[in-house]
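Morning, everyone. I have one structure to show today, and I'll keep it short. Let me put it on the screen.

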Amino acid sequence: MNKKQAALIALITFTIVAVLHTLDHFQWLPISPVVLMVFRWIAVASVAWFAIHKKSLTTWILVSMVIGAELGHDWPAIAVNFQVLSKIFLQLIKTVIAPLLFATLVVGIAGHSDIRQVGRMGWKSLVYFEIVTTIALFIGLAAINISQAGAGIKMPPDALHEKLPETKPQTWQEVVLHVFPENIAKSIYHGDILPIVVFSVIFGISLLLVKDKFRGPMLGFCESLSEVMFKFTNIVMYFAPVGVGAAIAYTVGHGGLSILGNLLQLLVTLYLALAVFIVVVFIPVALIIKLPIGRFIKEISEPVSIAFATTSSESALPKAMEAMERMGVPRKVIAFVMPTGYSFNLDGSTLYLALASVFVAQAAGTPLSFGQQIIMVFTLMLTSKGVAGVPRATLVIILGTIASFHLPSWPVFLILGIDELMDMARTSVNVIGNCLATAVIGKWEGEVDFQKLPAETKA
């Protein structure tokens, strides 16, 4: 049996289950609950069989979500005992946060050898990146506050909430002071992400200012550390189906299947927010620089398709660079702007981070004031830089951010269950944003005139 046959069987069995539940729900043909449960498990077995043939971690995460939901629905008393498995996965992921942030931020800042050589192009790129990603964060914030996708998730007070220390309201002076590290080891131990970011940024700038003979070894160490932590994350992600399945089983066991409706609402919210972002940001920017939009869409369609299918911005990088060169942007501009943008200009990922972080607060029943949400946005402006292009790094960033606001981490497992579907959209927007950024900087530098491009566009 091949993948197509396994997929067809899974589709048929789920269609049968849907028909049976519809008949039973409207009392057109009352069916025994035991019979319905048997057919549901046959359907679950069919998707598990498909996942075996598919041999994809993403598929297994989605299948584990289905299995966990079914376990939680049918045997809630047993499902609640699976929480320890989700906690194991969570703790392994948390170990990645500090070293990954430090290494990627230092490499991102000091890895360009000498920013002074790139002159105006450097600060223009960073200004543009910061403006656009900040708009993305605020659109994500607005979208989730309008949709309230996380509101109404029923969780017992002591079921999933982590035991957090008592906290008292802080003055603005204390909030500002807390941003700056007193002891970096202490910040790592307590998981205080902002002090780690500030330390890493200052360290990276300092490394940039020393001589090459001193910079090289430390930069090499940070590059090696970042690569190791990426692999560490990949290894831990193999446990993700177990962790996600256990978390969903535990969650549905307590709150019922209605929780899955919140996830669908979150997914729709993200797609609509990204569409709004494209309309209110990308299109006006393209019009301002007089970019031929039709031709631009045609040129970037291939790299965007690759990004959507693989959920990896990096996989689309070579084709995206080729596309922008055909758009007339000089190679020297592309070579600087696009790789830098992959660290500092991931518009789709930053919008998603704002949206997901507030979703966690809504799901936890801990509403954040407007001021707290603004602080969260500025936190994400820092933490989303450097590592957002790494697969699953958004999970690391969200966990670090919500920890800073004393929010529980169980809602992150709900998000992870549909993360792949959201990743397709946000990764595609990342690639579009970086291609557009390359065109903007090329135009700003006077290196390209889009009105004088050759008529033909050949790949």
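Start with a helix contact. F89, L92 and I93 in α5 meet F232, V236 and M237 in α11. By class, that contact holds six nonpolar residues, no polar ones and no charged ones. One caution before I go on: this is a predicted model.

Now the geometry of that pair. Helix α5 covers residues 83–94, and helix α11 covers residues 212–237. Their axes come within 10 Å and cross at roughly 175°. How do α5 and α11 run, parallel or antiparallel? The cut-off for roughly antiparallel is over 145 degrees. The crossing is roughly 175°, so α5 and α11 are roughly antiparallel to each other.

Next, the cysteines. How many disulfides are there? The count comes to zero, taking a disulfide as a pair of cysteine sulfur atoms within 2.5 Å. C222 has a relative accessible area of 0%. C435 also comes out at 0%. Buried means under 20%, so C222 is buried, and C435 counts as buried too.

Last stop, L416. This residue lies in helix α20, residues 410–417. Is L416 buried or exposed? Its relative accessible area is 5%, under the 20% cut-off, so L416 is buried. Now look for I61. L416 and I61 are 355 residues apart in sequence. In space, C-alpha to C-alpha, L416 and I61 are 8.3 Å apart.

That's my tour. Over to you for discussion.

How values were computed
Residues are numbered from 1 along each chain as its sequence is written. This is a predicted model: local features need pLDDT of at least 70, side-chain atom pairs count only at pLDDT 80 or more; totals for chains, interfaces and linings use all residues. Side-chain values use heavy atoms; hydrogens and water are left out. Axes are lines fitted to C-alpha atoms, for helices over the stretch in contact, and angles run from 0 to 180 degrees between N-to-C directions. Helices (H or I, at least four residues) and strands (E, at least two) are DSSP runs, numbered from the N terminus. Angles under 35 degrees count as roughly parallel, over 145 as roughly antiparallel, 65 to 115 as roughly perpendicular and the rest as oblique. Contact means heavy atoms within 4.5 Å. Ala, Val, Leu, Ile, Met, Phe, Trp, Tyr, Cys and Pro count as nonpolar, Asp, Glu, Lys and Arg as charged, and the others, Gly among them, as polar. Buried means under 20% relative accessible area, exposed over 50%, partly exposed in between (1.4 Å probe, protein chains only).
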